[in-house]
Amino acid sequence: MSTIKQLAPMRRRLCFHHLLTVPVLLLAAAAVQECAAQGGGGDHAPLVSPLAKDPATSLYTISIKDGAGPLVVDLADPLVWSACASGHPTFPCGSAECDAANSNRFCWQQDYGAGAEVDGGDGGRDCTSTARPCDPVTRGRCAPGDLTTFAMSANATDGRNALYPVPFQAVGACSPDQLLRSLPASAAGVAGFRRAPLSLPAQLSARRGFGRRFALCLPGVAIFGDTPIHLGYYPPDLLTTVASTPLAANPKSGGYYLPVEAISVSWPNWDAPTARAALPPDALELDAATGRGGVTLSTVQRYTAMRPDVYRAFVRAFNETIGAPGYVKPMPAVAPFELCYDTFSLRHGRVLGWDVPSIRLELGAGASMNWTVASGNSMVQAADRTLCLAVVEMGGPGAAAPAVVIGGYQVEDNLLVFDEDEEVLHFSGLLWGSGATCSGFNFTAPQ
């Protein structure tokens, strides 16, 4: 019996948290594998694709879709979606792909003729299943689009070099033109990386059987599968040197949450007390019942954003710490930043950037060490002689707003390895001065 037929009895029972359990996730992914059997053969080599940063939007893109522009990388999106040509393939209502794409509600369907059902059933002969891709920038703007397949390709890799091209098919959604307006001009859509059956990493894992692991080094490279990682001239496998932390689970979201218990600030190069932000009790706690709170990672949010209660306590701790030596001169705020300082009053190192306090995310049990955010990820040159703390206050509470969203700027030039099989995140910290760089992967195939 095919995997798709095995899935049929549970179609109407599937919900989001059920799909995230391992057995059902594997079934749904296997259904995708069965329906997208073209390309890839029996090759299980890990894959690699280049990542770029769009200068106009600061969004990160992956070059992976054949015959089209790059796709925006979004850790929070459960789908791959893109503009579609006329005559694109579709899936019938009630299919396993429809269940996987719309796992927390009935299948979205488009009736193109008589005989179609519209109650979430198996549908008639002219019923086409659709998904609802959403604009990653506004989040509130979504639109239905046909569920289809896209031709894609990446390169096989040994962890150091791009070896040979590998074509494959991915299930995704067609997007109407209005969803592309917030994206880079060259982008053709979005590659969702969320923990969901039809995200790009989940589909690649199912197709190629190399484990649910992917690595991002922004901007520079994305690597899919279990492989050593070598960037630049740094000789060891970086996975042998990086720290790790368990990933926290949010049952209301497939995003990637960190078990942060406190935030502290300290000078890295002189003996001074560490200042811990005086946060309200349980301010960073993730509420499993509502999905609110917690600390999550984003590749779409440009700078780290904090809920107002967290932000006020944090900026107070940072400002007091940087002002303690008495020589750092404040400067007027430069929107969207609040805390800015005169670069003439700061020392600048050749390798590690400005000599300012480091920010430490104090992680919970199971983490091998805390996450330290150095000046190369915490400060931005916002104007002449003006260096600003690259953290912003959230504009509103939101129905399911995290306490902290760690933005893309804060993880640039960091290696992040997401191991979904072990529910662990490996992180390098800022790579400056290590001999490794995110742009150091060799995309020229060895001769």
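**Cavities and a pocket**

A: In this predicted model, the count comes to 5 cavities of 30 Å³ or more. The largest cavity holds about 150 Å³ of space. Its lining is made up of 16 residues, and those closest to its centre are Thr304, Met306, Ile359, Leu361 and Val373.

Several elements each supply at least two residues of this lining: strand 14 (260-266), strand 17 (304-306), strand 22 (358-363), strand 23 (371-373), strand 27 (404-406) and helix 8 (408-411).

A volume of about 420 Å³ is computed for the second largest pocket. There are 22 residues in its lining, and Leu352, Ser358, Thr372, Ala374 and Ser375 lie nearest its centre. Two or more lining residues are given to this pocket by each of strand 20 (348-349), strand 21 (353-354), strand 23 and strand 29 (424-430). Of these elements, strand 29 provides the largest share of the lining, with 4 residues. The lining of the second largest pocket divides into 10 nonpolar, 10 polar and 2 charged residues.

Strand 23 takes part in both descriptions: it supplies at least two residues to the lining of the largest cavity, and it gives two or more residues to the lining of the second largest pocket.

Methods. Residues numbered from 1 in each chain as written. Predicted model: local features only at pLDDT ≥ 70, side-chain atom pairs only at ≥ 80, totals over all residues. Heavy atoms only, no water. 1 Å grid on protein atoms, 1.4 Å probe; cavity = no way out; pocket = protein on both sides within 12 Å on 5 of 7 lines; lining within 4 Å. Points joined across faces, edges and corners; volume = space filled by probe spheres on them. Nonpolar A, V, L, I, M, F, W, Y, C, P; charged D, E, K, R; others polar.
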